Amino acid sequence: MESSHTEISSKQEVINVLDIFPELNQGLIELLEGFSQDEWEKETCLKGRSVKDLVSHLIDTSLRRLAMDRDHYFSEAPEIHSREDLVEFIQSQNRDWILATRRLSPNMLLSLLKSSGDELVDFLGTLELHEKALFPVDWAGESQSENWFDIAREYTEKWHHQMQIRDAVGREGPLYETRFFQPIIDSFIKALPVAFNQSNRAEFTVAIEITGTCGGTYFLEKKAHSTGFVEGKLEQTSNRVKIDQKEFCKLVTNSKLKEAIEFEAVGDSEVTNQLLLVVAVMS
């Protein structure tokens, strides 16, 4: 499996999405404004969730973030004893909101989407990038995150749901252009060590090549139950994985069935198949 991409450093710089965030949000507004009723009701790749449901969900994530982080308002705290408890709590909140807002019209949702999105971006712009975020980016294996990464995570949430909406109606739009897409790849690769650390193999190295204009080659090493990025070259490991950048994003956002994900692999399949465990959403 030959590589045509430059191998990159394991060191990742701050991912700053504040300048592009308003354009991302506006692109969705402009798309939705031209939708027919049938397009609003189109089912997305998330079974049982329509385009209208995902728009409602995007509003919910903005409002919840503003309530907690800007207004310091928290509802009754749930009992969380594990990651599974946290995921179930988040998903139950998602379900409750979507069911409650199905009675709202598309015009109402559009108005709420715009106002909540604008307020969220304005608030995120007030945060000090290197201060501690209110919540860690769990899917990246962090117990504590800085604001810049949590803001980037918020951007990935808005990006991938907009992409799911666009896929449902067959209008890809500009989201794979470098200005929108590079922050997505830069964020999602941080989920790689978490997945590969779950391998039963005690020690290994693996090279993951994400092909495309925003991709690169990432070299992971597992030692003593800890996996992280290291400097390396493809020829230094027999374990290699190659996946297209769009396919990678569908994988990590659960936008495609795991068994349908297309990738190439050589080496120890017990190691390389860990790629299918990479996830960058709370599910």
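**Notebook: cavity, pocket, sheet and a ring pair**

I began with the second largest cavity, which has a volume of about 50 Å³. The model I am reading is predicted. I counted the cavities of 30 Å³ or more and got two.

Next I listed what lines this second largest cavity. The residues are Trp159, His160, Met163, Gln164, Asp167, Tyr176, Cys249, Lys250, Thr253 and Ser255. Helices H6 and H9 are the elements that give two or more residues to this lining. H6 gives the most, with five residues. Sorted by class, the lining has four nonpolar, four polar and two charged residues.

**Trp159 again**

I then searched the whole structure for aromatic pairs and found nine. I looked up the pair of tryptophan 159 and phenylalanine 181. Their ring centres are 5.5 Å apart and their planes stand at 20°, so I noted the pair as stacked; the cut-off for stacking is under 30 degrees. Tryptophan 159 is in helix H6 and phenylalanine 181 is in helix H7 (residues 178–188), so the pair ties together parts 22 residues apart in sequence.

**H9 and the sheet**

I followed helix H9 (residues 245–252) next. H9 lies across strands S1 and S4, and runs at about 95° to S4. S1 (residues 204–211) and S4 (residues 240–244) pair in the parallel sense, over five bridges. I checked isoleucine 208 and found that its bridge partner in S4 is valine 241.

Five strands form an open sheet in the order S3-S2-S1-S4-S5, with mixed pairing. Strand S3 (226–229) and strand S5 (264–266) are at the edges with a single partner strand each, so one side of each has no neighbour in the sheet. From one strand to the next, the twist averages 15°.

A reminder to myself: strands of a sheet pair through backbone hydrogen bonds, either parallel or antiparallel.

**The second largest pocket**

Last, I turned to the second largest pocket, which holds about 200 Å³ of space. I found 17 residues in its lining, and those nearest its centre are Asn25, Gln26, Leu113, Gly117 and Asp118. Helix H1 (21–33), helix H3 (51–70), helix H5 (106–124) and helix H6 (147–169) are the elements giving two or more residues to this lining.

Which element gives the most to the lining of this second largest pocket? I found that H5 does, with seven residues. By class, I noted seven nonpolar, six polar and four charged residues in the pocket lining.

Conventions: Residues are numbered from 1 along each chain as its sequence is written. This is a predicted model: local features need pLDDT of at least 70, side-chain atom pairs count only at pLDDT 80 or more; totals for chains, interfaces and linings use all residues. Side-chain values use heavy atoms; hydrogens and water are left out. On a 1 Å grid over the protein atoms alone, a cavity is a set of points where a 1.4 Å probe fits but cannot get out, and a pocket is an open set with protein on both sides within 12 Å along at least five of seven lines; lining residues have an atom within 4 Å of a point. Grid points are joined across faces, edges and corners, and a volume is the space filled by probe spheres set on the points. Helices (H or I, at least four residues) and strands (E, at least two) are DSSP runs, numbered from the N terminus. Ala, Val, Leu, Ile, Met, Phe, Trp, Tyr, Cys and Pro count as nonpolar, Asp, Glu, Lys and Arg as charged, and the others, Gly among them, as polar. Two strands pair if DSSP finds at least two bridges between them. Axes are lines fitted to C-alpha atoms, for helices over the stretch in contact, and angles run from 0 to 180 degrees between N-to-C directions. Contact means heavy atoms within 4.5 Å. Rings of Phe, Tyr and Trp (its six-membered ring) pair if their centres lie within 6.5 Å; planes under 30 degrees apart count as stacked, over 60 as edge-to-face and the rest as tilted.
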